[in-house]
Amino acid sequence: MAAIIRLSSLCRRGVNPLLYQGSVLARPLAAPPRHQEQPYLLTARIHSSQALNAAAGSKAASLHWTAERALSILLLAMAPIAYSDPCPAVDYSLAAALTLHGHWGIGQVLTDYVHGETKIKMANAGLFLLSTVTFAGLCYFNYNDVGICKAVALLWSK
């Protein structure tokens, strides 16, 4: 790519390399102004969606972003703890953290791809139902079976 850019700079100076003439690679990186109405920057075409419920200048979005990152780091820290000391406290902490992590992640997908007021409400209701069932199922598994930590250890042992 750098060689093509270098060759294009030579051609603008009046030097015409033999293989560069009429080649498919002879296209410039940006069209000259006569072929293009107005040059746009790549970032000018990217539109970011604003949060529907957040007020402008609200600190809630920043705090939510920070909480998501803190939970991700907490999950990374819980992995060696769960391996070294599997106990019910770690099992239930993992159940809560994994459910919340999944809830926030799927919530972001819904925010990006679900449009329309009714569809958003239905999708959020489904998400809350899914998260509730997931957390209840993990807690049931922790209480009535071996727990998340020992179940993963059993999967790895075979």
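Student: How are α3 and α4 oriented to each other?

Tutor: This is a predicted model. In it, α3 and α4 pack at an angle of about 165°. Angles over 145 degrees count as roughly antiparallel, so α3 and α4 are roughly antiparallel to each other.

Student: How far apart are their axes?

Tutor: The axes of α3 and α4 are 10 Å apart. Helix α4 covers residues 117–144.

Student: Is the crossing of α3 and α4 left-handed or right-handed?

Tutor: Right-handed.

Student: Which residues make the contact?

Tutor: From α3, they include Tyr 92, Ala 95, Ala 96, Thr 99 and Leu 110. From α4, they include Leu 127, Phe 128, Ser 131, Phe 135 and Leu 138.

Student: How do the residues of that α3 and α4 contact divide by class?

Tutor: 13 are nonpolar, 7 polar and 1 charged.

Student: Switching to α2. At what angle does α2 cross α3?

Tutor: Roughly 145°, and the axes of α2 and α3 come within 10 Å. This crossing is left-handed.

Student: Which residues meet there?

Tutor: On the α2 side, His 64, Glu 68, Leu 71, Leu 75 and Met 78 are among them. On the α3 side, Val 90, Leu 94, Leu 98, His 101 and Trp 104 are among them. By class, the contact has 12 nonpolar, 5 polar and 1 charged residues.

Student: Now pockets. How much space lies in the second largest pocket?

Tutor: About 230 Å³.

Student: Which elements give two or more residues to its lining?

Tutor: α2 (60–84), α3 (88–113) and α5 (148–157). The largest share, 5 residues, comes from α5.

Student: Which residues line the second largest pocket?

Tutor: The lining includes Leu 75, Tyr 83, Pro 86, Leu 94, Leu 98, Ile 148, Cys 149 and Trp 156. Leu 75, Leu 94 and Leu 98 also take part in the contact of α2 with α3.

Student: And how does that lining divide by class?

Tutor: The second largest pocket has 12 nonpolar lining residues, no polar and no charged.

Note on methods. Residues numbered from 1 in each chain as written. Predicted model: local features only at pLDDT ≥ 70, side-chain atom pairs only at ≥ 80, totals over all residues. Heavy atoms only, no water. 1 Å grid on protein atoms, 1.4 Å probe; cavity = no way out; pocket = protein on both sides within 12 Å on 5 of 7 lines; lining within 4 Å. Points joined across faces, edges and corners; volume = space filled by probe spheres on them. Helix = DSSP H or I, 4+ residues; strand = E, 2+ residues; numbered from the N terminus. Nonpolar A, V, L, I, M, F, W, Y, C, P; charged D, E, K, R; others polar. Axes fitted to C-alpha atoms, helices over the stretch in contact; angles between N-to-C directions. Parallel < 35°, antiparallel > 145°, perpendicular 65-115°, else oblique. Left-handed = near helix turned anticlockwise from the far one by under 90°. Contact = heavy atoms within 4.5 Å.
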